[in-house]
2 protein chains.
Amino acid sequence: MNRFLTTTTVLCAACVLTAGTAIAADDLRSQAKEMFEPVPSMVPAVAGNAVTGERVELGRALFFDPRLSKSGLISCNTCHNLGMGGDDNLETSIGHGWQKGPRNAPTVLNAVFNEAQFWDGRAEDLKTQAKGPVQAGVEMASTPERVVTTLKSMPAYVEAFSVAFSGEPDPVTFDNMAKAIEAFEATLITPASRFDQWLEGNDAILDETEKTGLALFMDKGCVACHNGVNVGGHGYYPFGVVEQPGADILPPGDKGRFAVTKTATDDYVFRAGPLRNIELTAPYFHSGMVWDLEQAVAVMGSSQLGETLSDGDVAAITAFLKALTGEQPKVEYPILPVSTADTPRPEGM
Amino acid sequence: MNRFLTTTTVLCAACVLTAGTAIAADDLRSQAKEMFEPVPSMVPAVAGNAVTGERVELGRALFFDPRLSKSGLISCNTCHNLGMGGDDNLETSIGHGWQKGPRNAPTVLNAVFNEAQFWDGRAEDLKTQAKGPVQAGVEMASTPERVVTTLKSMPAYVEAFSVAFSGEPDPVTFDNMAKAIEAFEATLITPASRFDQWLEGNDAILDETEKTGLALFMDKGCVACHNGVNVGGHGYYPFGVVEQPGADILPPGDKGRFAVTKTATDDYVFRAGPLRNIELTAPYFHSGMVWDLEQAVAVMGSSQLGETLSDGDVAAITAFLKALTGEQPKVEYPILPVSTADTPRPEGM
């Protein structure tokens, strides 16, 4: 995907799609197959990180371990709750000291398929992402040193790192913590959504409204930004392309990717949200200010497409989006290594 | 168990036990079998609550659902973390608005075997207990009305309650929420500790230090309060029986069971802590002020038995206590019902 797709390109991508919604099933499917890919049922390979069973198991423990935070209260799962679509269903997350985070927590589900991580794409992959919240003062408020001291204080962790990163002279590192979490997160994929089953030929699994919604999603141009395996998660676009929404939805203080690139044209530019399991991850947008999926669709219509979608079109597109909910990951809750006298005590009450 | 056992009774119970530690293995076992019971491997029956699969499954979802809290952040598992011995390994819990709770969170593991719940025994069973933290302003800060509105807003919960409490005209109630959580918690038992295997005849599974510790635990009188299946969790006793520990460990503002009974003799009286999995649940005591298990044993020696235990005795008793760690429950992380437009929004950021 081209991460510097411009407004013009977006609109042109919409233009080249067939207009109208009366598309025969096979035509609709062949058109959709050019735009989307099913979520695979196999864990994907990850660049620079062998997704071994040992790393996944270690990463599962780390993902749920609140001792990665300074307070001992907050784990990755606190904000990326695997029972709630992989996020926290809050406008913005609650972090260390009950501080309010600046942006809505993105889902961890299928995040391995995103081009980059965070709303502004400032982390190139999940291993880089995993280091962010652990250190962020408003999130877990820890430090790499504290994390490593914590992990090295527990023999069961030391052993698990030694096995997962065998051959390394010093396996318990902040980088390897991040790699283990990335390996676990690579398993958090949601295959077999109804849309994917339909893509693969099960015609009856989508109803007419959902198919109409899919056709509209492609015809109206949504697909220009929201495509690929994650129906988004690739490319950076201004919010809005055509018309900026109000400050309630687009707080003026958060200029998005501008903070990463320092380029004026990246004012209010964000990564296109991945729409897999979108039904499970309200509230919406980087501000988390919209709770209703239909409203979010309507806002996208006006801000990104410059079009006031009819109620019927909004309802159909929303119905299609709800067909993107896949099988949620089955995860056994990990039994964590026990703290020792050397484990740093919780701080920050 | 006699909940009004007096100081005199405690000391006499110690007297009748055989003195010295040189006890033959069979004698030690037969003596221990009079005092302790293994944790069963079968889920126990619960008074007034049929522990059906449907209730357990529903209770599992509720136990992990942060939407039972006003903020949408805190679930039962936040403070009773099933990966960390069933508590939060904090001095006292962090609750709504980052408030500090008044007492150390007791473990939920094997709690079904306790005589009553909370440090002061103010809840007679787990279904009564479950209603407390949900409403406590410093914990989850919700209300029964908010909880019922939340649960009724999600069709999957309504269906699960209808099945779990079939035949009831209005199955989605605050009481039934508590009963479902109690049913799930009844499954959170930890059988097959090394001590239990030894009790059942596997002589070699405890080493000599651990057996010496067990003998000391009985001979010195610890067993007078810490006995039965949970090695505690029954009976109320002054802290200390003989000598009050300092205010760092026994904060003068918390008079324990006095707040429940309003009886002067219940000043600083607490339920004897259940010692199953005690190795996993530091820090210790209702104040959570002692992090080291050996120190906790020494404090108990001086405050409850009036005896300065030798370092060797403390080490042996601690070794025995670590043999009380059982098999931790395997729990699949639940996929929670999705919120709807009628679900109350998180409050209290």
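**Briefing on a predicted model**

A:P102 is found in the loop of chain A between strand 2 and helix 5, where helices (H or I, at least four residues) and strands (E, at least two) are DSSP runs numbered from the N terminus. This is a predicted model, in which local features need pLDDT of at least 70 and side-chain atom pairs count only at pLDDT 80 or more, while totals for chains, interfaces and linings use all residues; side-chain values use heavy atoms, with hydrogens and water left out. Residues are numbered from 1 along each chain as its sequence is written, and chains are lettered from A and ligands numbered from 1 in the order in which they are written. The points below begin with A:P102, then turn to chain A as a whole, its relation to chain B, and some individual residues.

**The surroundings of A:P102**

- With a relative accessible area of 65%, A:P102 is exposed; the term means over 50%, whereas buried means under 20% and partly exposed lies in between (1.4 Å probe, protein chains only).
- Leaving aside neighbours within four places in sequence, A:P102 is in contact with A:T92, A:V138 and A:H286, where contact means heavy atoms within 4.5 Å.
- Between A:P102 and A:G253 there are 151 residues of separation in sequence, and their C-alpha atoms are 10.0 Å apart in space.

**Chain A as a whole**

- Chain A contains 13 helices and four strands, and its C-alpha atoms fill a box of roughly 70 × 45 × 30 Å along the principal axes.
- The radius of gyration of chain A is 21 Å, which agrees with the value near 20 Å that a compact globule of 349 residues would have; the radius is taken over C-alpha atoms, and the globule rule is 2.2 Å times the number of residues to the power 0.38.
- Of the 349 residues in chain A, 58% are buried.
- Among the contacts in chain A with a separation of 6 or more, 73% are between residues 24 or more positions apart.
- Chain A carries 26 positive and 44 negative side chains, and the centres of the two sets lie 6 Å apart; Lys and Arg count as positive and Asp and Glu as negative, with His and the chain ends not counted, and the charge is placed at NZ of Lys, CZ of Arg, CG of Asp or CD of Glu.

**How chains A and B are related**

- A:E279, in the loop between strand 4 (269-271) and helix 12 (293-304) of chain A, is partly exposed at 25% relative accessibility. Apart from neighbours within four places in sequence, A:E279 is in contact with A:Y284, A:L293, A:K322, A:T325 and, in the other chain, B:V338.

**Backbone features in the loops**

- Most residues other than glycine have a negative phi, and most peptide bonds are trans.
- A:W98, which is not a glycine, has a positive phi of about 65 degrees; this residue sits in the loop between strand 1 (94-95) and strand 2 (99-100) of chain A and is buried, with a relative accessible area of 10%.
- A:F118 likewise has a positive phi, near 80 degrees, and this residue, in the loop between strand 2 and helix 5 (126-135) of chain A, is buried at a relative accessible area of 15%.
- The peptide bond from A:F239 to A:G240 is cis, with omega near 0 degrees, and A:G240 lies in the loop between strand 3 (236-238) and helix 11 (258-261).
- In chain B, a cis peptide bond with omega of about -5 degrees joins B:A282 and B:P283, and B:P283 belongs to the loop between strand 4 (269-271) and helix 12 (293-304).

**A buried loop residue in chain B**

- B:N114, in the loop between strand 2 (99-100) and helix 5 (126-135) of chain B, is buried, with a relative accessible area of 8%.
- Beyond neighbours within four places in sequence, B:N114 is in contact with B:N230, B:G232, B:G233, B:H234, B:R271 and B:P274.
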